[in-house]
Amino acid sequence: MPLLHSKIIGEGPPLLILHGFLGMSDNWKSLGSQYAASGLQVHLVDQRNHGKSFHSEHFNYGVLAQDIHAYIRHHELPPTVVLGHSMGGKTAMEFACAHPGSTKKLIVADIAPKFYPPHHQDIIKGLRTLDFDVIKTRAEADGQLGKHIKEIGVRQFLLKNLYWVEKERLGFRFNLDVLGQKMEEIGENIDASASYAGPALFLRGGRSEYVGEQDLPEIKKHFPLAILDTVDRAGHWLHAENPQQFFSKSMAFINA
């Protein structure tokens, strides 16, 4: 089985960070450096079909959690703090429930253990209009994508995935074909009977609609020791919109 690509920085107890849908480990570079400077060995991981990790037809939270288990075993890590945002948060939940002995603590950023209806259709549709036989620069890609996605921040986030496949030919690092087909999987919930009895912190964005007070009973059902806390002045991208508060709250939990 292929191993996930990662960037490892710092020395100390391990912290494994999982990005969200259509993201990559690079999205966490700044915060990763902060965690490393605080005495942690930070593993910034690309999940399958994302970043520099392998592409595969198989894509669901079961196999994503297996990837993390294989990664931790390969690197011979002790019980690890696992932090995941959005889709990465679901992977982290699935992993902690399946492998509690390998999980020291769980941090979930702006996602709850529940089903979310598919809501990335417009993004996938926009990305599919990019013809790299015609588009030769990032600016051209942004111009085309702008016809479908108005938010500049979202476009910038997506276009971070552009790279030179070969000389003068751009492409995406993520596996658009498979991810477009598997959108239903992104919204899936973890198994109904799954649970993790260890320490868990659920951080939500104060302006986000992904996690509400009404989700707390479901969170507690799967994660009885869970704490639900809010990062102020932040939406779904809470770690990017208020990195200082995200860092301080997550670090306090890691050190507790």
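## Helices α2 and α3

The crossing of α2 and α3 is right-handed, a crossing being right-handed if the near helix is turned clockwise from the far one by less than a right angle, and left-handed if anticlockwise. The contact (heavy atoms within 4.5 Å) is made by Y61, G62, L64, A65, I68, H69 and I72 on the α2 side and by M87, K90, T91, E94 and F95 on the α3 side. By class, these residues comprise seven nonpolar, three polar and two charged, where Ala, Val, Leu, Ile, Met, Phe, Trp, Tyr, Cys and Pro count as nonpolar, Asp, Glu, Lys and Arg as charged, and the others, Gly among them, as polar.

The axes of helix α2 (residues 61–74) and helix α3 (residues 87–98) come within 8 Å and cross at roughly 70°; the two helices are therefore roughly perpendicular to each other. Axes are lines fitted to C-alpha atoms, for helices over the stretch in contact, with angles from 0 to 180 degrees between N-to-C directions, and angles under 35 degrees count as roughly parallel, over 145 as roughly antiparallel, 65 to 115 as roughly perpendicular and the rest as oblique.

## Basis of the model

This is a predicted model, in which local features need pLDDT of at least 70 and side-chain atom pairs count only at pLDDT 80 or more, whereas totals for chains, interfaces and linings use all residues. Residues are numbered from 1 along each chain as its sequence is written, and side-chain values use heavy atoms, with hydrogens and water left out. Helices are DSSP runs (H or I, at least four residues), numbered from the N terminus.

## Helices α5 and α6

The axes of α5 and α6 come within 11 Å and cross at roughly 135°, which makes α5 oblique to α6. The contact is made by R138, A141, D142 and L145 of α5 together with R155, L158 and L159 of α6, and its residues divide into four nonpolar, no polar and three charged.

K147 lies in the loop between α5 (138–145) and α6 (152–159), and counts as exposed because its relative accessibility is 59%. Here buried means under 20% relative accessible area, exposed over 50% and partly exposed in between, with a 1.4 Å probe and protein chains only. The side chain of K147 makes a polar contact with that of Q144 (3.1 Å), such a contact being a pair of N or O atoms within 3.5 Å, of which, within protein, one must be able to donate a hydrogen and the other to accept it, and residues adjacent in sequence count only if both atoms are side-chain atoms.

## S250 in α11

S250 lies in helix α11 (residues 243–255) and is buried, with a relative accessible area of 0%. Leaving aside neighbours within four places in sequence, S250 is in contact with Y35, I107, L201 and L203.
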